[in-house]
Amino acid sequence: MREVVVLGVGMHPFGRHPDKGLADLAHVACWKALKDANVPAKDVQVAYLANSIGGLITGQEGIRAQTVLGPNGFGGIPMVNVENACASASTAFRGVWLEIASGLYDVGLAIGVEKMHLDDRSRTISALISISQIELSKLGMQFAGEAAMRCKRYMRRYGGTKEDLALVAVKNSYNGSLNPYAFHRKPYTLEEVLNSPLIADPLHLFMTSSIADGAAAAILCARDAVKRYETKRPVIVAGCALMSGRFREADPLDTDVESTITLTAKEAYRQAGMEPKDIDVAEVHDAMSPIELVSTEDLGFCGKGEAIRYLKEGRTKITGDIPINTSGGLCSRGHPVGATGIAQIAEIVWQLRGEAGDRQVKDALVGMCEDSGGVLVNGDNAAFTNVILKR
Amino acid sequence: MAEEIGKKRIPVLPGLIHEAVGPGERPYLIGGKCKTCGKICFPKAYVCSVCMTADSMEEVPLSTRGFIDTFTVIHVAPLGFKAPYVQAFINLPEGVRIFSLITGCDPLHNDLEDGSEVELVIEKIREDEKGNDLIGYKFRPVEK
């Protein structure tokens, strides 16, 4: 396997963009990434495009990579359509990483794009609910409720209050207020979070990620081909793991069974030859913000039951020793499902290059991006990724 | 329950429920049991996820009573459902955890707890676009 680097990243700001379709959103992200990488578009030899619900939303099934990237000038190269719930974009990233690591190609494009704001909001909600296993969605599972139950199991085992859970949204909304690509730029107080409408006890609206339109792209390149380009400091892909959920016997929040997030992280750590203490900054998948606490523990950044203490001590803030979701996370940045994974990668690339502006973590050398999405019948997520990037 | 003319009862999904047909028969959920390792799953599966032995699964009726593992009150409902309602994971004695809505209690003034005993009911989950009843399972609190 050859070493692979990220040469450039680009995003279309996440938010409400009623006039833009998938190709419009993708155009901005794709060309920003190419300019950031200083790589001519003609040099892109392979492209993976991630999208999660565009078939149901736009009616375009099967060939969204070709139809979205075509108007952006790409054709006559291998293209792969990727769909993997909330981990779609990171799965596309991994696909391009493998294409280059294998030696088949030198330069590739990974892009995630999602269009969610429609006149008919119920169509979007229905499409989102269909990302849960059909045995759940047909019987009335509401996905925020699944996370709500996970939060309750966490509190049952480790303690903590609703106020503690809300503090994650307070921290992340502050981070998001500093991020020009974030949908919601308002920092919330604890009172504002707890006074926002109740969605599924104990989760309130400001603790949930929001429907958004957006795109994020990355240009990957073989390490030994970087010299062809005059680029910024390349960011190395040190580990890149993909995992499916398990029909396991017991929930990790009730027992000491290893969660699938941990299993996925262990594979990424193994590839990178690293441990949790080597990570300087992390983007974790907080589709419902308190789930960040569970992930913080499952990724090994602190011990089981310690995440609330870490949060309250400010250790996961931008100025802390393990800053988490400096971008604002999914609740502030917004969650265009098929784009989120590469938005996380973009944030970590900016952090490692020292380009994160007001959100900059001091001396960040290694960063992690964790995604988990879809819900299986037993409550495990369906798709997991973990990407470790280093300077 | 009187049924409206022309309205059909359709299972929300095939293969989940054995509906009571004869007198004295009770409905149950259809599980899968691995003849090799004994693991029971729901819904039934072709192959056991624990031991992965070939041709080892058989259908078994699952217990109709269990205990709430965790529950939450949903205040914003998906299309076709009406908030507020209670959703839960139920632990059955076979070691199976099942997702279900909870019926037979006031969602906003319930006295449910983790560990509350609940029993299976077969009832309408919602209506389809043609007004047919989609039939599935729920659980309800057992009278104390």
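1. Interface between the chains. In this predicted model, 27 residues of chain A are in contact with 26 residues of chain B. On the chain A side, at least two residues each come from helix 5 (121-129), helix 6 (134-137), helix 7 (143-158) and strand 5 (198-200). Helix 7 of chain A gives the largest share, six residues. Sorted by class, the side of chain A that touches chain B holds 13 nonpolar, seven polar and seven charged residues.

2. Overall form of chain A. The secondary structure of chain A consists of 14 helices and eleven strands. Its radius of gyration is 19 Å, close to the 21 Å that the globule rule gives for 391 residues, so chain A is as compact as a globular protein of that length. The C-alpha trace of chain A spans about 55 × 45 × 40 Å along its principal axes.

3. Burial and contacts in chain A. Of the 391 residues in chain A, 61% are buried. Among the contacts in chain A with a separation of 6 or more, 78% are between residues 24 or more positions apart.

4. A helix crossing in chain A. Helix 4 (residues 88-101) and helix 14 (residues 340-353) of chain A have axes that come within 5 Å and cross at roughly 70 degrees. Angles of 65 to 115 degrees count as roughly perpendicular, so helix 4 of chain A is roughly perpendicular to helix 14 of chain A. The residues that meet are A:S88, A:A89, A:S90 and A:F93 in helix 4, and A:T340, A:G341, A:I342 and A:I345 in helix 14. By class, the residues of this contact divide into four nonpolar, four polar and no charged.

5. Strand 7 of chain B and its partners. Strand 7 (residues 85-91) of chain B has five of its seven residues buried, so it is largely enclosed by the rest of the structure. Strand 6 (residues 65-74) of chain B runs antiparallel to strand 7 of chain B, and seven bridges join them; in this pairing B:I74 stands opposite B:Y85. Strand 7 of chain B also pairs with strand 8 (residues 97-102) of chain B, in the antiparallel sense, over six bridges. Here B:A88 stands opposite B:S100 in strand 8. Strands 7 and 8 of chain B form a hairpin with five residues between them, and B:G95 in the turn has a positive phi of about 90 degrees.

6. Cis peptide bonds in chain B. Most peptide bonds are trans. The bond joining B:F42 and B:P43 is cis, with omega about -10 degrees. B:P43 is in the loop between strand 4 (40-41) and strand 5 (57-61) of chain B. A cis peptide bond also runs from B:A83 to B:P84, where omega is near -5 degrees. B:P84 is in the loop between strand 6 and strand 7 of chain B.

7. Positive phi in chain B. Most residues other than glycine have a negative phi. B:M52, which is not a glycine, has a positive phi of about 55 degrees. B:M52 is in the loop between strand 4 and strand 5 of chain B, and it counts as exposed because it has 11 C-beta neighbours inside 10 Å. B:D55 is not a glycine either, and its phi is positive at about 50 degrees. B:D55 is likewise in the loop between strand 4 and strand 5 of chain B. With 9 other C-beta atoms within 10 Å, B:D55 is exposed.

Methods. Residues numbered from 1 in each chain as written. Chains lettered and ligands numbered in written order. Predicted model: local features only at pLDDT ≥ 70, side-chain atom pairs only at ≥ 80, totals over all residues. Contact = placed C-beta atoms within 7 Å. Helix = DSSP H or I, 4+ residues; strand = E, 2+ residues; numbered from the N terminus. Nonpolar A, V, L, I, M, F, W, Y, C, P; charged D, E, K, R; others polar. Rg over C-alpha atoms; globule rule 2.2 N^0.38 Å. Buried ≥ 20, exposed ≤ 12 C-beta atoms within 10 Å, placed from the backbone. Axes fitted to C-alpha atoms, helices over the stretch in contact; angles between N-to-C directions. Parallel < 35°, antiparallel > 145°, perpendicular 65-115°, else oblique. Pairing = 2+ DSSP bridges.
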